[in-house]
Amino acid sequence: MPLPGRRWLPSAIAVEIDPDRVARVGRTGRPRRTVRDWVVDFAAFLLAVIVGLLGADALPKHPDLPYALEVTDQWVGAFACAAVWLRRRWPVGLAVALIPVSVVSITSGGADLVALFTLAVHRPFKYVAWVGAATTAVVPLLCWLRPDPDLGYVAAVLVSVLLTVAVIGWGMFVRSRRQLLLSLRDRARRAETEAALRAEQAQRLAREGIAREMHDVLAHRLTLLSVHAGALEFRPDAPREEVARAAGVIRESSHEALQDLREIIGVLRAGPAGAESGEPGRPQPTLGALESLVSESREAGMKVSLDNRVDDAAAVPASVGRTAYRIAQEGLTNARKHAPGAEVTVSVSGVAGSGLTVSVRNPAPPGEVPLVPGSGQGLIGLTERAMLAGGRLSHGPVGDGGFEVSAWLPWASGG
């Protein structure tokens, strides 16, 4: 978007604020003058001319001044006024060059003041200090060579020094204002960049959360399909009722998996707003849905015992309940894949203020375990999920050859 009001900003500020849209010319790449620059340059030139004319009008008051020197003074002053148009290109050089010129030409006084002001605006203090000190040191010599007929020597020196200091101070004030404007603009840019990064990070985290939900939900459904399809493959002579029950579980699990997948894809297609909300169309299961999860696993042929010692599941915070549910779901999924036929024990206990403990444990499988694809990413995701919730999770083999997933989640006393 084009920078509004750029034409009425100094080119030095416009090129810093909007560097991509300020046209550059010449080999040095200097910014092209804005409308404001032309107005200010013309005003500076006009000021130098007016001061020069006042100085030229005062020349006849010096009776001992030769006519040739008076004409030379005016010509040098005219060239000094014309040189004011070069003040943006060579501020240091112009200010230094006008120091000796001011000694021989009273009419160049206005150009000298404009050059000092430009130097203070466009260059750091070290240049201003050296040139300002040199100009101040020349003032007593100038007042001695060209004494003012209306003022004494000391008064003329004081007035000239005060005028020089005032012009330099004004220029430094303008420079500080410009630097403040640029610093505020830079802060605004950094704030916009940081806000964009935070939004992008929030979107990425939301999508990662959706990916974890997709893994947890679909892994549970697909392991049901894998187990029952494997049973039908290895037991083609199974009773008709068992085959029909397995086929029904496969059909229901397929429908549930497709429904979950549609909802997750719908969230992803909703864009950043949908991703940041992190809320699929179906309500996310919490600790109260643990009974349904266990019942579903039992219907699939698993041996599952549930030891739920939480008196009021509704009192558990929703975020903690969702994490506990996903831990139990992933534990049952792993047990179904790696220990088919073994009895799985799901234990949940805890009270507000001391935390919630969830464990899923299974003994060694009773027979040979068929190869089921898996990469262990589910347990890694559960560990990250527990850490994000402020808890901890551990998993690994137990003494009887089985496997256990155990987690502790914070449950504040305030609910």
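**Figure 1. The surface and overall make-up of the chain.** The accessible surface of this predicted model comes to about 23500 Å², and 62% of that area belongs to carbon and sulfur atoms. Accessible areas here come from the Shrake-Rupley method with a 1.4 Å probe, and for residues only the protein chains shown count as cover. Of the 415 residues, 36% count as buried, meaning under 20% relative accessible area, with exposed being over 50% and partly exposed in between (1.4 Å probe, protein chains only). The chain has 12 helices and seven strands; these are DSSP runs numbered from the N terminus (helices H or I, at least four residues; strands E, at least two). Among contacts (heavy atoms within 4.5 Å) with a separation of 6 or more, 70% join residues 24 or more positions apart.

This is a predicted model, in which local features need pLDDT of at least 70 and side-chain atom pairs count only at pLDDT 80 or more, while totals for chains, interfaces and linings use all residues. Residues are numbered from 1 along each chain as its sequence is written, and side-chain values use heavy atoms, leaving out hydrogens and water.

**Figure 2. Helix H2 meets helix H3.** The axes of H2 (residues 35-58) and H3 (residues 67-83) come within 9 Å and cross at roughly 170°. Axes are lines fitted to C-alpha atoms, for helices over the stretch in contact, and angles run from 0 to 180 degrees between N-to-C directions. H2 and H3 are therefore roughly antiparallel (over 145 degrees; under 35 is roughly parallel, 65 to 115 roughly perpendicular and the rest oblique). From H2, Phe 45, Ala 48, Val 49 and Ala 56 meet Gln 74, Cys 81 and Ala 82 of H3.

**Figure 3. Helix H10 beside helix H11.** Here the axes of H10 (residues 290-299) and H11 (residues 318-338) come within 10 Å, crossing at roughly 10°. That makes the two helices, H10 and H11, roughly parallel. Leu 290, Leu 293 and Ser 297 of H10 make the contact with Tyr 325, Ala 328, Gln 329, Leu 332 and Arg 336 of H11.

**Figure 4. A closer look at helix H11.** Of the 21 residues of H11, 17 are buried, so this helix is largely enclosed by the rest of the structure.

**Figure 5. Leu 151 in a loop.** Leu 151 sits in the loop between helix H6 (125-145) and helix H7 (153-234). With 39% relative accessibility, Leu 151 counts as partly exposed. Leaving aside neighbours within four places in sequence, Leu 151 is in contact with Ala 156 and Val 159.
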